[in-house]
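This report describes a single protein chain, from its overall make-up down to single residues. Look at the sequence and the structure first, then read on.

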Amino acid sequence: MNKNKINQYLETLSNEVKDYARKYYLEGAVKRVFEIKPGVYSAIVQHHSIEQRVTISFKGEKLLVNCGCETYKTHSLCHHITAVLYYLLEHPMLQKTVFSETSIDSLIYSCDEKTAKEYLDYELPRSQYKR
């Protein structure tokens, strides 16, 4: 994740969009954020019982964004994306560990109880299936 790219993107937005998105973020509307592959983030933003899926990708010098809401479809920007960007700025994703380089099969067949617990402690907070 590149904080400079996020800040550059935020500078292009109106204060109205940024203020509204900041309110979403501070009220906890950003429910789940996870890195689906290096540099690509998926998030769920829920506001007034409506969920929107946001995708943010860091590709070279570009910051690519997408949201399923009508505002994004008509204006190519929205509060949901901006709220997720605020989240990413203030909640850095977990650094790579031994588990991110290890296949699940090798962990299952060769781990002891301590390693299994460490893996679950690492993986569950990143999971999209939080309760």
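In this chain of 131 residues, 37% are buried, where buried means under 20% relative accessible area, exposed over 50%, and partly exposed in between (1.4 Å probe, protein chains only). The model is predicted, so local features need pLDDT of at least 70 and side-chain atom pairs count only at pLDDT 80 or more, while totals for chains, interfaces and linings use all residues. Residues are numbered from 1 along each chain as its sequence is written, and side-chain values use heavy atoms, leaving out hydrogens and water.

**Overall make-up**

The chain has six helices and four strands. Helices (H or I, at least four residues) and strands (E, at least two) are DSSP runs, numbered from the N terminus. Their order from the N terminus is α-α-β-β-β-β-α-α-α-α. Of the contacts (heavy atoms within 4.5 Å) with a separation of 6 or more, 48% join residues 24 or more positions apart.

**The core and α4**

A nonpolar core is a set of buried Ala, Val, Leu, Ile, Met, Phe, Trp, Tyr and Cys residues joined through side-chain atoms within 4.5 Å. The largest one here has 30 residues, and Val 54, Ile 56, Ile 81, Val 84 and Leu 85 have the most contacts inside it. Two or more residues each come from α1 (3-11), α2 (15-26), β1 (30-37), β2 (40-47), β3 (50-59), β4 (62-67) and α4 (79-90). The largest share, seven residues, is from α4.

Nine of the 12 residues of α4 are buried, so this helix is largely enclosed by the rest of the structure. Among the buried residues are His 80, Thr 82 and Tyr 86. Leaving aside residues up to four places away in sequence, Val 84 touches Val 30, Ala 43, Val 45, Val 54 and Ile 56.

Which residues of α1 are buried? They are Lys 5, Ile 6, Tyr 9 and Leu 10. These four cover an arc of only 135° around the axis, which puts them on the same side of α1; the arc is that of the directions from the helix axis to the C-beta atoms. An α-helix has 3.6 residues a turn, so residues three or four places apart point the same way. The buried residues of α1 pack against α2, β3, β4 and α4, whereas Asn 4, Gln 8 and Glu 11 are exposed on the other side.

**Cysteines**

A disulfide is a pair of cysteine sulfur atoms within 2.5 Å, and by this rule there are zero. Cys 67 is in no disulfide, as the nearest cysteine sulfur, in Cys 69, is 3.7 Å away. The sulfur of Cys 78 is closest to that of Cys 67, but at 3.7 Å it is too far for a bond. The table gives relative accessibility for two of these residues.

| Residue | Relative accessibility | Class |
|---|---|---|
| Cys 67 | 4% | buried |
| Cys 78 | 2% | buried |

Most residues other than glycine have a negative phi. His 48 has a positive phi, near 55°. His 48 lies in the loop between β2 and β3 and is exposed, with a relative accessible area of 66%. Ser 76 also has a positive phi, near 60°, and its place is in the loop between α3 (70-75) and α4.
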